[in-house]
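Take a look at the structure below.

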Amino acid sequence: MAAPANTAVDLSAALVTAPVEAAHWLVILPVVLCIGLGAILMMLRDRTAWHGWIAIPGLLLLVLIDAALLHKVATEGPITMVMGRWLPPFGIAFSVDLFSAIMALTAAVVALAGGLYALGEITTSGRRYGFFPFLLLLLAGVSGAFLTGDVFNLYVWFEVLLISSFGLLILGSEREQIDGALKYAVLNLIATTLFLVSVGYLYAIFGTLNMADIAMKAKVPGNSAPLMTLAGLFLLAFGMKAAAFPVNFWLPASYHTPRITVSALFAGLLTKVGIYALIRVLVMLLPVERAGLGPITTAVAIATMLAGVLGALGASDLRRLLGYVVISGIGTMLAGVALGNADGLSGAIFYALHSMVLMTALYLLAGQAARLGGGFSLSALGGLYRQSGWFAGLSLVLFFAACGLPPFSGFWPKVILVKAALDTGAWWLAATILLTGFLTTIVFGRVFLLAYWRPRSAPNAAVAPEPIVWQAGLPLAALAALVIGFGLFPEQLLHLTQLAASGLEDPSAYLHSVFPGGVGAQ
């Protein structure tokens with residue numbers, strides 16, 4: 001029966017009654033900005049010349065918003081905002097800790113670099129087919145996946161970025177692109193289906209999909225639910241999303257087919273979302289089961305590292321080679337997940353940030369190498385050092401970083417991971433990381449000798465080398481500066497990744513941000 005109109009209703013048991021702090025809106029602004037700008041560009045589909053000049057300031061604003069969010073979280077701790085002001089776990093939560101904030105900021109930086117490069121690469125036809133709207137919607141999915149505090153909405157944001165990636169992948173409608181898109185779509189839809197099955201299983205066990213609530217309920221003693229099976233399903237689903245062995249074959253079959261800007265964005269963002277989800281679910285929500293899956297995760301990490309670097313050794317196309325390097329890097333991150341301790345997780349997070357920046361830069365570099373040399377084949381390339389000395393020097397910096405050589409950003413996470421592996425007695429894991437670094441040095445040494453140092457044997461007079469324009473030079477230089485800066489001055493980033501790893505091991509601050517009273521739904 002309805003209460004009389006003059007009866008006071010206490011909403012504090014169901015709703016957030018306190019005013020929302022202005023700074024807390026930073027939690028959802030990245031998603032709102034990307035979706036809003038994407039919608040505006042769709043409405044301006046007859047003004048494609050405007051798209052880039054609207055999207056680039058929008059991406060720059062996204063970087064600033066994510067930087068402000070990271071500063072807020074670093075100084076005040078995790079932040080939670082619930083939709084409709086419903087109290088969690090009933091209200092859909094956006095929960096941001098250091099791990100998610102730093103990943104979101106790096107993704108925004110990578111997207112800005114890719115957007116700048118696209119100004120010089122994406123033609124009028126590509127803009128007409130929606131490159132920039134797809135890019136912004138992709139960023140909405142990536143940002144949502146990093147910032148959400150709800151497992152089902154993690155699935156939803158995966159779907160958003162997946163649908164956007166389909167549009168970017170077939171941009172141009174060439175036969176090779178359609179073939180790559182088919183393989184990419186089928187295998188990613190299988191992974192998405194596994195993810196959805198896992199989410200349903202998770203809800204059947206816990207009766208909630210709020211991450212903080214699950215983390216609290218999973219710690220209850222005497223839980224007889226088959227959580228190891230659930231963790232195994234998540235490992236398989238996210239492993240396929242991240243292109244881990246043996247479900248990695250979709251990546252080298254598809255990443256070489258789209259425009260080089262799209263390949264760069266995919267390499268920098270998509271597989272890292274899979275790694276992020278794997279760490280978030282297994283380490284924070286199901287830590288006991290993660291430890292039980294440690295031997296399997298270790299074997300997968302070793303196989304992924306070796307499969308990637310051996311594939312790169314045998315590749316003759318520069319884009320395919322970089323696809324295998326992406327896979328090898330995923331194995332290195334999985335090594336940190338397998339170790340599961342603070343140092344291992346810190347190394348994995350540091351390596352993920354390094355890989356997001358570096359792999360984007362390497363693909364953009366490959367695009368410029370093709371412009372100067374007339375193609376992506378190592379057998380046809382040559383003489384790039386003579387054509388552009390500064391470009392060869394910048395390439396060498398990025399190659400050294402990919403090999404994990406000092407003083408660049410790839411050195412420090414590998415040092416952390418090797419030390420963490422040796423401290424736990426996992427010498428075979430440490431040996432594989434070192435062996436992979438050695439073989440990667442051979443891979444990029446071969447690339448430099450063939451494409452840069454060796455003179456071109458038969459230059460094609462019909463193909464005139466294209467000069468490097470500012471739209472390509474500026475993002476390449478900026479990403480290379482980050483690679484150098486993180487290598488020479490790693491202290492602040494190391495501090496952030498260590499705090500992020502500690503927050504995953506002990507998520508009490510994250511849980512308190514969602515449930516200030518200390519209890520979830522019963």
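The protein chain carries 24 positive and 21 negative side chains. Lys and Arg count as positive, Asp and Glu as negative; His and the chain ends are not counted. The centres of the two sets lie 12 Å apart. Each charge is placed at NZ of Lys, CZ of Arg, CG of Asp or CD of Glu.

This is a predicted model: local features need pLDDT of at least 70, side-chain atom pairs count only at pLDDT 80 or more, and totals for chains, interfaces and linings use all residues. Residues are numbered from 1 along each chain as its sequence is written, and side-chain values use heavy atoms, with hydrogens and water left out.

Now the overall form. The protein chain has 21 helices and 2 strands. These are DSSP runs, numbered from the N terminus: helices are H or I with at least four residues, strands are E with at least two. The C-alpha trace spans about 90 × 60 × 40 Å along its principal axes.

How much of the protein chain is buried? Of its 522 residues, 59% count as buried. Buried means under 20% relative accessible area, exposed over 50%, and partly exposed in between (1.4 Å probe, protein chains only).

Thr360 is a buried example, at 0% relative accessible area. Thr360 sits in helix 14 (residues 342-373). Leaving out residues up to four places away in sequence, Thr360 touches Val110, Ala264, Gly268, Ser355 and Leu479. Contact here means heavy atoms within 4.5 Å.

Next, the rings. The structure holds 25 aromatic pairs. Rings of Phe, Tyr and Trp (its six-membered ring) pair if their centres lie within 6.5 Å; planes under 30 degrees apart count as stacked, over 60 as edge-to-face and the rest as tilted. Phe152 and Tyr155 form a tilted pair, because their planes are at 40 degrees, with ring centres 5.7 Å apart. Both belong to helix 6 (residues 151-169), 3 residues apart, so about one helical turn separates them. Phe152 is partly exposed at 34% relative accessibility, whereas Tyr155 is buried at 13%. Ring pairs also link Phe152 and Tyr155 with Phe158, Phe195, Phe234 and Phe238 into a cluster.
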